[in-house]
Amino acid sequence: MLPARNQEAMAAAASGTYSYCSRPRALPARRRYREEEPVRYANLMYDRRVVRGNTYALHTAQPDPLEIQRQREAHRKALARKRAKEQHQSRTPEPVEGRKHVDVQTELYLEELGDRIIEVDVECQTDAFLDRPPTPLFIPAKTGRDVATQIEEGELFDFDIEVKPMLEVLIGKIIEQALLEVMEEEELANLRAHQYAYEELRNAELAEVQRLEEQERRHREEKERRKNQQSQLLQKQKETSEKIAARAFAQRYLADLIPSVFSSLRDSGYFYDPVERGLYYFSFFFTGTCKSTQSYFLFSQSLKQVCLHLQKIMLPASCSQGHLKVRIDVLIALLSPVSQDI
Amino acid sequence: SCFLGSLSLALSESDSWGVFSEQRESIPQYRGMAHARISAKLPPDIDPTKAAIAFGERALPKLNEELQSPELLTRQRALMALCDLVHDPENVYQAIQLGFLDNLKYLLLDHDSTVREKTTEVLYIMASHNVGRDGFIKYGVIPALSQLLNDPVDICRRNMHRAFEIMAELPRGAVGIVDSSLISSLVLKLKTELDEIQELILDTLSGCLCIEAFEALATGAVSILKEKLTHPSVAIRSKAARVLLGISVPLEGKNIVWDEEVIPVLVSLLEDSDPEVRANAAGALMNATITTQGKYAALSADAIPPLLKLVDDETSKVRLNAIKALTMLSEAPEGRKTLLNHVDLFRGQLNDSSEAVSRAAKIAIKVIEWKP
């Protein structure tokens, strides 16, 4: 009623001031929690039921017959619509006499309908002394209704500029991780290079030390050998000189020895001419036999024969035999006067 | 792999924000009311093969407990998580304090190969830190690791040998390896292992030989190394020559090297294309020709011309070793006679960039021109 009165008043008061596409109306207040109950009170300012404007100037004009007709038509249309809607609703035919319509389930699996609701008890208990699990990533759920708007490109933000800090962080983290890994490897490689260089030097120095040791050993051994040789040489020299001295002394000592020995031997009568001795003994024998034998002459003749025979034998012999020969001649000479005597 | 992981994390973070809002619209129950679980999509960096790492101080103790769990999957996941954590030396220190090494030693003998692989990998990464190495020596991890020498899985053996190699670079670690009498088994393994692992074993041996060479010599290492000198792989040749260098430092080593007639093979290696091989061969010759018989063996193998060529090589190590080897040879009269003609070559090296080379050249000239 109110908007109609309002309209009348407006039309009556200033015809043609406003024109609308849709008539202004008060919006119902929005309920947050309950949908069913109707609105009791709304904003006073926008409530339809509040009389607006001049209160003493209302109800003066007759309702416009055009308006009344329009209203009636609208009412009629609404009724017709309602009737049509009711007709469209299909009703089941009325039950036959003696029967009653009953609601029945026609699905494949029948459900037991009842007042009692099926309840199931489920229990859950975390393990005692379990370590607190890691916190799940918490992103708060969005509240409210989604409203979409169309945002043209470039209106909100410039992607290229905005993305830079994020990209920097991302790339920074990636590169940091990569650098850490590379550094670990580089550190190891550095250590290896150091070790390599050190080993090279060490081997060279070790070889040098051993070479010098070896050289030292060789020289020392060589020296030892030469010293030994030299000492042996000296030793031999000494021995030789001693030997020479000894020989010289011995020679000198023995030089007198032989003549003195010979002379002493001769003196003691060890050297004799066996022929002379023999003749000497023979002369004794001769004189002896001479005294004993009668035929001295026979004896001397036979002796002469013997001497001549001996001479013959002795002639080709050496000079000692020459002595013997001389002695035999001497003997013959000696014997001749003796024989002549007899 | 960490790098790629972080990259994927960054990318997925950037687009997941948009996805969240779309998803929340589409799931009916999220309309209107706030919910405790934010999204059906899990956070992007969850790796299902790794155990969840507890916060702060509890991380390592919890992993320690998980390592002792009887369930296989728990142990595997704990090991995967541990592998990542152990790159940080502070974590290594804390782990050793908590007694991880005993658990890891126990896990080395597990039936499952994945567990063994990951355990050896964790131990290898720990060994690359100094605290880790100290811990190894203190808790006797080396004998425990050596039980895996005959493991059927290649990766386990490879990680184990890598750990040994790193330990051998430290003198105390090398002492530890020698004390566990591992050298003989390592030398014997050289004959049967894969090439990759042979390289690691050779590196380990060259580290240990600085400490003690007799055990290796007793196992007949020299003959095995002589075969390796003619291997087709360059790395193996150079590493074998390096081991020979180390082995010919003591006198017995030099005698055995002469006995086994390795010197002619080394002379032939002097003309190899790789500078490392040449350097190591010259170094081995340098050590082997200290004895008189070594010198004559080298002279009869005609070592002087290739060595003279190497005096001008680009790599300083090659030059140094060649000059030193020639110094050794010039102590023999025949060598001196030949080298007197080439003294100018040495004079050219007197002003070399490397100080060691110029010193060596000076010494060489002095020795060549020495008159008895």
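Residues are numbered from 1 along each chain as its sequence is written, and chains are lettered from A, with ligands numbered from 1, in the order in which they are written. Because the model is predicted, local features need pLDDT of at least 70 and side-chain atom pairs count only at pLDDT 80 or more, while totals for chains, interfaces and linings use all residues; side-chain values use heavy atoms, without hydrogens and water.

Start with chain A. Its secondary structure comes to 6 helices and 0 strands. Helices here are DSSP runs of H or I with at least four residues, strands are E runs of at least two, and both are numbered from the N terminus. Of the 342 residues of chain A, 10% count as buried. Buried means under 20% relative accessible area, exposed over 50%, and partly exposed in between (1.4 Å probe, protein chains only).

Now turn to the interface. Here 34 residues of chain A are in contact with 43 residues of chain B, contact meaning heavy atoms within 4.5 Å. The area buried between the two chains is about 3400 Å². That is the accessible area (1.4 Å probe) that two parts lose on being put together, summed over both. Carbon and sulfur atoms give 55% of it. A:Ile139, A:Glu200 and A:Arg211 supply 17% of what chain A buries against chain B, more than any other three residues.

Charge has a part in this interface. There are 6 salt bridges between chain A and chain B. A salt bridge is a side-chain nitrogen of Lys or Arg within 4 Å of a carboxyl oxygen of Asp or Glu. The side of chain A that touches chain B has 15 charged, 13 nonpolar and 6 polar residues. Ala, Val, Leu, Ile, Met, Phe, Trp, Tyr, Cys and Pro count as nonpolar, Asp, Glu, Lys and Arg as charged, and the others, Gly among them, as polar. A:Arg192 meets B:Glu169 in a salt bridge (3.4 Å, N to O). A network of salt bridges links A:Glu208, A:Arg211, A:Arg218, B:Lys295, B:Lys324 and B:Glu331.

Next, look inside chain B at helix H5, residues 100-107. Its buried residues are B:Phe100, B:Leu101, B:Asn103, B:Leu104 and B:Leu107. They cover an arc of only 160° around the axis, which puts them on the same side of H5(B). The arc is taken from the directions from the helix axis to the C-beta atoms. Their cover includes helices H2, H3, H4, H6, H7 and H8 of chain B. B:Asp102 is partly exposed at 41% relative accessible area, and B:Lys105 is partly exposed at 21%.

Another salt bridge in chain B joins B:Arg237 and B:Asp272, with the closest N and O atoms 3.0 Å apart. B:Arg237 lies in helix H15 and B:Asp272 in the loop between H17 and H18, so the pair ties together parts 35 residues apart in sequence. Both residues are buried.

Finally, check the backbone. Most residues other than glycine have a negative phi. B:Glu261 has a positive phi of about 55°. B:Glu261 sits in the loop between helices H16 and H17 of chain B and is exposed, at 53% relative accessible area.
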